[in-house]
Amino acid sequence: MPRHARFRPTRCRAGWRINIPASISATGRRERYFFQSRNAARDEAARLRKQYEESGAAAEPVSPSLADTARRCAERLEAYGHTLESATNEFLQILDAQGSSVPLSEAASVWLAKKAERLSEVTLKSYGYTVDRLAALEDVLMCDIRPQDIEDALEARSTSFEMHRRNARALWRFSAKRGWCEEGIFNSIESRETEAREIKTLTPAQVRKILRVAEKHYPETVPAFAISLFAGLRSKEVERICWRDVHDDGIEITTKVSKTSRERFIEMNPTLKAWLAGRRLDGDCRIIPGSWREKFAAVRRLAGFDVATRILKKPKLLPADAPSWPQNAMRHTHATVSVKTGAAVSDLVFEFGHSGSTDMLRRHYVGKYRQKDAFAFWAIGPRGTKVE
């Protein structure tokens with residue numbers, strides 16, 4: 001492109017002529033305009049100069065090397081369905097995202113501070129452990145972290161990958177809402193949950209044996225076992241609630257008790273009511289007795305489960321095929337039985353204090369118990385009685 005396009009009229013055989021350089025013509029080729037009079041040529045030249053000054057004068061000439069580079073880039077982008085302009089626009093979006101993003105360490109700090117306002121100490125510790133797993137990425141901008149980077153960081157140690165994946169996803173959701181990254185990054189990080197990790201429940205016979213042992217050897221533990229089995233509270237929630245939280249019509253889970261710091265109310269059912277009758281203590285007393293964990297282990301061991309215990313002086317030897325204690329067995333049994341005897345999964349989401357959808361509860365609890373066994377569970381009453 002010429003530095004100064006003058007569009008100077010020139011006399012020729014046809015009259016007056018104006019030359020338009022190929023670098024600024026609409027066709028990309030050299031053009032010539034002819035006029036019969038000098039005044040008409042001058043007027044057109046003035047118009048062209050003004051137009052050039054407004055739109056073309058600021059443009060710099062394209063060097064042959066730049067034009068060649070643009071051509072080669074356009075050819076390479078064509079295979080991916082992009083043009084130079086579309087590729088440039090996408091790259092500028094990346095640069096904009098980097099400008100508004102923050103390092104993972106900063107995002108995690110804000111996230112943990114925000115969650116501290118409403119989550120329990122146990123959950124916050126779990127989130128903190130996940131942030132520690134991601135320490136190798138702490139200086140990387142959130143928008144620049146790839147799925148493979150996250151997977152590599154989380155599986156640096158093989159334990160608890162699934163828990164850390166869920167926690168990390170919560171961090172990315174939090175960050176995505178603030179424009180620091182894209183939440184969709186987790187769509188390609190697959191869950192490691194397998195059939196081997198399916199929940200396990202207790203049979204009515206096992207439940208009956210546990211409660212019978214508790215009544216005989218550690219009667220002060222009966223309310224805690226009953227609430228765990230017939231109300232489905234988390235083990236940590238059972239350890240936190242006091243008798244003032246237990247009412248005639250149900251159990252109140254306050255923010256101080258709930259794992260998620262969300263209040264909820266669990267209605268009193270006939271079976272739980274029968275087990276708590278006559279066992280109420282002062283309102284400020286906790287449901288669990290002193291040395292609860294040791295007594296909890298002792299009851300399970302005496303009920304035939306392969307559980308280590310310290311307070312039984314000479315525990316009876318167990319057979320080689322003695323069952324181990326399933327994780328969260330009492331809570332899972334309660335949920336499974338409740339679904340089988342007509343409880344709506346959507347209601348259990350609230351009663352159980354879950355923050356997710358109903359999909360997880362359906363996957364784990366629907367169809368895991370026979371109806372006959374479910375009704376037998378609810379019929380278990382204190383001192384060998386049956387609850388109608």
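This is a predicted model: local features need pLDDT of at least 70, side-chain atom pairs count only at pLDDT 80 or more; totals for chains, interfaces and linings use all residues.

**Stop 1: helix 7 and its charges**

Start by selecting residues 161-177, which make up helix 7. Pick out Glu-162 and Arg-165 there: they sit 3 residues apart, about one turn of the helix. Their side chains form a salt bridge, with the closest N and O atoms 2.8 Å apart. Are these two buried or exposed? Both Glu-162 and Arg-165 are buried.

**Stop 2: two bridges across the sequence**

Next, show the side chains of Glu-215 and Arg-279, which meet in a salt bridge at 3.9 Å, N to O. Glu-215 belongs to helix 8 (residues 204-217), while Arg-279 is in the loop between helix 11 (270-276) and helix 12, so this pair ties together parts that are 64 residues apart in sequence.

Now move to Glu-239 and Arg-293, another salt bridge, with 3.2 Å from N to O. Here the partners come from helix 10 (residues 235-240) and helix 12, so the parts tied together are 54 residues apart in sequence. Glu-239 has a relative accessible area of 15%; the cut-off for buried is under 20%, so Glu-239 counts as buried.

**Stop 3: the rings**

Switch to the aromatic side chains, where the count is 11 pairs. Trp-172 is in helix 7 and Phe-186 in the loop between helix 7 and helix 8, so you'll be looking at a pair that links distant parts of the chain, 14 residues apart. Both Trp-172 and Phe-186 are buried.

Then bring up Phe-225, Trp-292, Phe-296, Phe-305 and Trp-325 together. Ring pairs link these five into a cluster.

**Stop 4: a positive patch**

Which residues gather in the patch of positive charge? Select Arg-208, Lys-209, Arg-212, Lys-316 and Lys-386 to see it. Zoom in on Lys-316, found in the loop between helix 12 (292-302) and helix 13 (329-340). With a relative accessible area of 71%, Lys-316 is exposed; the cut-off for that label is over 50%.

**Stop 5: two positive phi angles**

Stay in the loop between helix 12 and helix 13 and select Asn-328. Its phi is near 55°, a positive value in a residue other than glycine. Asn-328 counts as partly exposed, at 40% relative accessibility.

Finish at Arg-383, in the segment after helix 16 (371-378). What is the phi of Arg-383? Arg-383 is not a glycine either, yet its phi is positive, at about 55°. This residue is exposed, with a relative accessibility of 64%.

Terms used. Residues are numbered from 1 along each chain as its sequence is written. Side-chain values use heavy atoms; hydrogens and water are left out. Patches are made of residues with over 30% relative accessible area and no salt bridge: like charges are joined within 9 Å, nonpolar side chains (Val, Leu, Ile, Met, Phe, Trp, Tyr) within 5 Å. Accessible areas come from the Shrake-Rupley method with a 1.4 Å probe; for residues, only the protein chains shown count as cover. A salt bridge is a side-chain nitrogen of Lys or Arg within 4 Å of a carboxyl oxygen of Asp or Glu. Lys and Arg count as positive and Asp and Glu as negative; His and the chain ends are not counted. The place of a charge is taken as NZ of Lys, CZ of Arg, CG of Asp or CD of Glu. Helices (H or I, at least four residues) and strands (E, at least two) are DSSP runs, numbered from the N terminus. Buried means under 20% relative accessible area, exposed over 50%, partly exposed in between (1.4 Å probe, protein chains only). Rings of Phe, Tyr and Trp (its six-membered ring) pair if their centres lie within 6.5 Å; planes under 30 degrees apart count as stacked, over 60 as edge-to-face and the rest as tilted.
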